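Hi,

Here is the model I said I would pass on.

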Amino acid sequence: MRLTTRQLTLCALLTAMALALSYLENLFPLAVPIPGVKLGLANIVTVFALYALGPRQSLMILAARCLLGAMFAGNMNALLFSLLGGLAAMLTMIGLVRLRRFSVYGVSVGGAAAHNCGQVAAAVLTLGSAAPLYYLPILLLVSLGTGTLTGLAASGLFQALGHTNLRYLIKE
């Protein structure tokens, strides 16, 4: 896949935005006292990239975000969790977008649920035990809320861009 300078620049910008949102999210504890639960603010960028740029470029942004996020945090052990969760979410969202039966909210909730499944799979692999599977129903329940919030933010972003000429710069 050959990218134009504009596309590469946009991918780099979106990767930086996703990293910044992920870092920002780690600064503020979530009001819900459930271990491992985060809003997934960086997923706003992922959903936006999927709809605006397509699957290939959104996968590139996701991979770059996971790798750079683990490097910047100094925690390469988290890379497996981030990649498995992110890839599960992205593949699920790509499938849901292609079905054309789900709104951005449904796609986002599906991605949030798949992300939790991917991270639990990483925990099972890391620990060599099925014990993390018992935590999955709680995470899936929470993903309904976090996925809806991410979908709401992405939908608002699309509406805001709908009133500007910027939306014509995205698709080529």
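**Where the confidence sits**

Within the protein chain, helix α5 has the highest confidence, with a mean of 95, while helix α7 (residues 167-170) has the lowest, at 51. That score is pLDDT, the predictor's confidence in each residue on a scale from 0 to 100. Over the protein chain pLDDT averages 88, and 92% of the residues score at least 70.

A bit of housekeeping: this is a predicted model, so local features need pLDDT of at least 70 and side-chain atom pairs count only at pLDDT 80 or more, whereas totals for chains, interfaces and linings use all residues. Residues are numbered from 1 along each chain as its sequence is written, and side-chain values use heavy atoms, with hydrogens and water left out.

**The overall fold**

The protein chain has 7 helices and 0 strands, which reads along the sequence as α-α-α-α-α-α-α. Both are DSSP runs numbered from the N terminus: H or I over at least four residues for helices, E over at least two for strands. The radius of gyration is 16 Å, close to the 16 Å from the globule rule for 172 residues, so the protein chain is as compact as a globular protein of that length. (That is taken over C-alpha atoms, and the rule is 2.2 Å times the number of residues to the power 0.38.) Along the principal axes, the C-alpha atoms fill a box of roughly 50 × 35 × 30 Å.

Of the 172 residues, 36% count as buried. Buried here means under 20% relative accessible area, exposed means over 50%, and partly exposed is in between, using a 1.4 Å probe and protein chains only. Among contacts (heavy atoms within 4.5 Å) with a separation of 6 or more, 71% are between residues 24 or more positions apart.

**Helix α2**

Helix α2 (residues 42-53) has 12 residues, and its end C-alpha atoms are 16 Å apart, in agreement with the 16 Å it should span at 1.5 Å a residue. The expected span is 1.5 Å times one less than the number of residues. Of those 12 residues, 10 are buried, so α2 is largely enclosed by the rest of the structure. The buried ones include I44, V45, F48 and L53. G54 follows α2 and has a positive phi, near 105°.

**Helix α5 and its two ends**

Helix α5 (residues 104-127) has 24 residues and reaches 34 Å from its first C-alpha to its last, close to the expected 34 Å. In the loop between α4 (78-99) and α5 sits R100, which has a positive phi near 60° despite not being a glycine. R100 counts as exposed, at 76% relative accessibility. Just after α5, G128 also takes a positive phi, of about 70°.

H115 is buried, with a relative accessible area of 16%. Beyond its neighbours within four places in sequence, H115 is in contact with G85, G86 and A89.

**Cysteines**

How many disulfides are there? The count is 0, taking a disulfide as a pair of cysteine sulfur atoms within 2.5 Å. For C11, the nearest cysteine sulfur is that of C66, 15 Å away. C11 is buried, at 5% relative accessible area. C117 is in no disulfide either, with the sulfur of C66 the nearest at 16 Å. C117 is partly exposed, at 33%.

Cheers
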